[in-house]
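Biologist: I would like to go through this model term by term. Please say what each label rests on.

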Amino acid sequence: MEWTIRVGRYNPEAQNMAGDVGPPYPPPYEAAPTKVYQTFTVDLPEHAVVLDALIDIREYQDETLVVRCACRSAICGSCAMWINGHANLACKSKLKDFTKDGVTTVESPPSMPVIRDLVCDMNPFWEKMRKVSPWLENKQPVPQGEEYRVPNASMENLIQEVACIACGACLMDCESFAINPDFTGPAALARAYRYADDPRDARSKERLEEYSGPDGIWDCTHCFECVQRCPKGVAPLDQILKLRHMAVDAGFTNNPGTRHADAFAESVRGSGRLNELTLLPKSLGLFNIAAQLKTLPSAFNMLRAGKLPPIIHHKIPGLERIKNIFKRVGGRFQ
Ligand code: SF4
Ligand code: SF4
Ligand code: FES
């Protein structure tokens, strides 16, 4: 069976290939190095995956094509790349599922620095992983001559994250990372949850304080890309939300993220709709004048575009039903 593969090539050493290669470290996406797309045709069976096609091209058509892979079984995490504009494992992506209009497009993700062709530099990913201290700090006293005993139930929450193979697909497509390279990112925060909620860890509280700071759990915009991209069902966003609950329960509420969530809930409970005029000042802190002044240019832009929210905020009819929902959900917003 014939398949057509369009491969994004990038070679920093070949002057005539990519021309002006641009700055080496996007984001933003538009600053990504220039690629040259080459089209190949391969003859492979119906069950073939994208990685089979790339290896076939490298073996029989162009030995200069650079691809990173090892296990070919969705275990090692090394073959994550952009396939049709989203991060996927090439060894898990069947050609028949990804061929659109007769073509499958494969390239390195523009959110990461490119080394060559389909291989990106994973250092940003590993730096983020290291940043969350992904190891247990022993609770004292350490049991002598026996294992730490923990109830099975307390480990069940952690199983989902333990499936992570560190492929980086979630980070490659993370919207927050695309605009803020310092964002800790989905995989690292999921790993952070795995240690913060482990009953054997002695640093849980310090961890929660650390992750509640800038570039941490509150910088995720809930775009769900990490949930969709993860080949192992880790659902990093779910783990981030668990960390948020833990951080709030531990009293780490004096930050823009928690204030934003509080202001959001307060507005919907009080009027049935979002009061966007008060959301920003409440999130930044009512007396944080410097931060509020920085938002003035955006406010003028909204005014010019006719998108400024109404000055007078009205309650919706049937507000009692909304209040009842809050009561039934319970927690700190009832
Ligand atoms: S849900 Fe959050 S962490 Fe996940 S990809 Fe979107 S912004 Fe990133
Ligand atoms: S969370 Fe999923 S997508 Fe992200 S690195 Fe781990 S396995 Fe890959
Ligand atoms: S080659 Fe190991 S995950 Fe794809």
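**Sheet, domains and a helix pair**

Modeller: Helix α2 (residues 50-60) lies across β1, β2, β3 and β5, and runs at about 100° to β2. Helices (H or I, at least four residues) and strands (E, at least two) are DSSP runs, numbered from the N terminus. Angles run from 0 to 180 degrees between N-to-C directions, with axes as lines fitted to C-alpha atoms, for helices over the stretch in contact. Two residues are in contact if their C-beta atoms, placed from the backbone, lie within 7 Å.

Biologist: What is the origin of the coordinates and the numbering?

Modeller: This is a predicted model: local features need pLDDT of at least 70, side-chain atom pairs count only at pLDDT 80 or more, and totals for chains, interfaces and linings use all residues. Residues are numbered from 1 along each chain as its sequence is written, while chains are lettered from A and ligands numbered from 1 in the order in which they are written.

Biologist: What pLDDT does the chain average, and where does pLDDT stay under 50?

Modeller: pLDDT is the predictor's confidence in each residue, from 0 to 100. The chain averages 90, and 94% of the residues score at least 70. Over residues 16-26 the value stays under 50. Where pLDDT is low, the predicted coordinates should not be read in detail.

Biologist: Why do β2 and β4 stand at the edges?

Modeller: The open sheet has the order β2-β1-β5-β3-β4, with mixed pairing. β2 (36-43) and β4 each have a single partner strand, so one side of each is left without a neighbour in the sheet.

Biologist: Which domains does the chain have?

Modeller: The domain assignment, automatic or from a database, gives domain 1 (2-120), domain 2 (123-249) and domain 3 (256-333). The contact between domain 1 and domain 2 takes 16 residues from domain 1 and 14 residues from domain 2. β4 gives the most to the domain 1 side, with four residues.

Key
Two strands pair if DSSP finds at least two bridges between them.
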